[in-house]
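These are my notebook entries on one protein model. I looked up its side-chain contacts and then its overall build.

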Amino acid sequence: QVQLVESGGGLVQAGGSLRLSCAASGRSFSPYTMAWFRQGPGKERQFVAVISWSGGSTSYADSVKGRFTISRDNAKNTMYLQMNSLKPEDTAVYYCAADTSPVLRRLSSQYSYWGQGTQVTVSS
């Protein structure tokens, strides 16, 4: 089992940037596929980005493609989400998730492990 803790959220103006981190503890971090999801007010949890265990493969939601970058450092047991050109509609609680499947999945129900979330608020 792996425990996940997100950090790096906050309040930022539209057009600004934030870098989220997801620190993993417990079992070895590297065999896990990792992903970011977000849940805005009154909305369902939605996929943001996913990265393979090696970091060699990534996939993004269309709404963030070209603005967000997912990465991971297996030596530090940490995954990142660099968010640039932020928009008010990016406001949400951001969650990191992990699963042992090597498939880059986009459904939240397909992930076994979750962090507690970090709030990102983008003001206009």
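**Entry 1: Charge over rings**

I began with R45, whose charged end sits over the ring of Y95 at 3.7 Å from the ring centre. For a charge to sit over a ring, I required NZ of Lys or CZ of Arg within 6 Å of the ring centre and within 35 degrees of the ring normal. R45 also lies over the face of W114, 4.8 Å from the centre of that ring.

I note the basis of these entries: the model is predicted, local features need pLDDT of at least 70, side-chain atom pairs count only at pLDDT 80 or more, and totals for chains, interfaces and linings use all residues. Residues are numbered from 1 along each chain as its sequence is written, and side-chain values use heavy atoms, with hydrogens and water left out.

**Entry 2: Aromatic pairs**

I searched the whole structure for ring pairs and found six aromatic pairs. The rule takes rings of Phe, Tyr and Trp (its six-membered ring) with centres within 6.5 Å; planes under 30 degrees apart count as stacked, over 60 as edge-to-face and the rest as tilted. I looked at Y32 and Y113: their ring centres are 5.8 Å apart and their planes stand at 75 degrees, so this pair is edge-to-face. Y32 is in the loop between β3 (18-26) and β4, and Y113 is in strand β10 (residues 113-114), so the pair ties together parts 81 residues apart in sequence. Strands (E, at least two residues) and helices (H or I, at least four) are DSSP runs, numbered from the N terminus.

I checked the accessibility of Y32, which counts as buried at 2%. Here buried means under 20% relative accessible area, exposed over 50%, and partly exposed in between (1.4 Å probe, protein chains only).

I then took F37 and Y111, whose ring centres lie 5.4 Å apart with planes at 70 degrees, so they too are edge-to-face. This pair links distant parts of the chain, with F37 in strand β4 and Y111 in the loop between β9 and β10, 74 residues apart. Both F37 and Y111 are buried.

**Entry 3: Salt bridges**

I counted three salt bridges, taking as the rule a side-chain nitrogen of Lys or Arg within 4 Å of a carboxyl oxygen of Asp or Glu.

R38 bridges to D90, with the closest N and O atoms 2.9 Å apart. R38 lies in strand β4 (residues 33-39) and D90 in the loop between β8 (78-83) and β9 (92-99), 52 residues apart, so far as the strand assignment by DSSP runs goes. Both R38 and D90 are buried.

R67 also bridges to D90, with a closest N to O distance of 2.7 Å. R67 is in the loop between β6 (58-60) and β7 (68-73), 23 residues from D90 in the loop between β8 and β9. Why does R67 count as buried? Its relative accessibility is 10%, and the cut-off for buried is under 20%. D90 is buried as well, with a relative accessible area of 1%. Through shared partners, salt bridges join R38, R67 and D90 into one network.

Are D62 and K65 buried or exposed? Both are exposed. D62 and K65 form a salt bridge, with the closest N and O atoms 3.2 Å apart.

**Entry 4: Disulfide**

A search of the whole structure gave me one disulfide, defined as a pair of cysteine sulfur atoms within 2.5 Å. It joins C22 to C96, with an S to S distance of 2.1 Å. C22 lies in strand β3 and C96 in strand β9, so the pair ties together parts 74 residues apart in sequence. The torsion about the S-S bond of C22 and C96 is about 60 degrees, so the disulfide is right-handed. C22 and C96 are both buried.

**Entry 5: Overall build**

I recorded zero helices and 11 strands in the protein. Of its 124 residues, 44% count as buried. The C-alpha atoms fill a box of roughly 40 × 25 × 25 Å along the principal axes.

Lastly I looked at contacts (heavy atoms within 4.5 Å). Among those between residues at least 6 apart in sequence, 60% join residues at least 24 apart.
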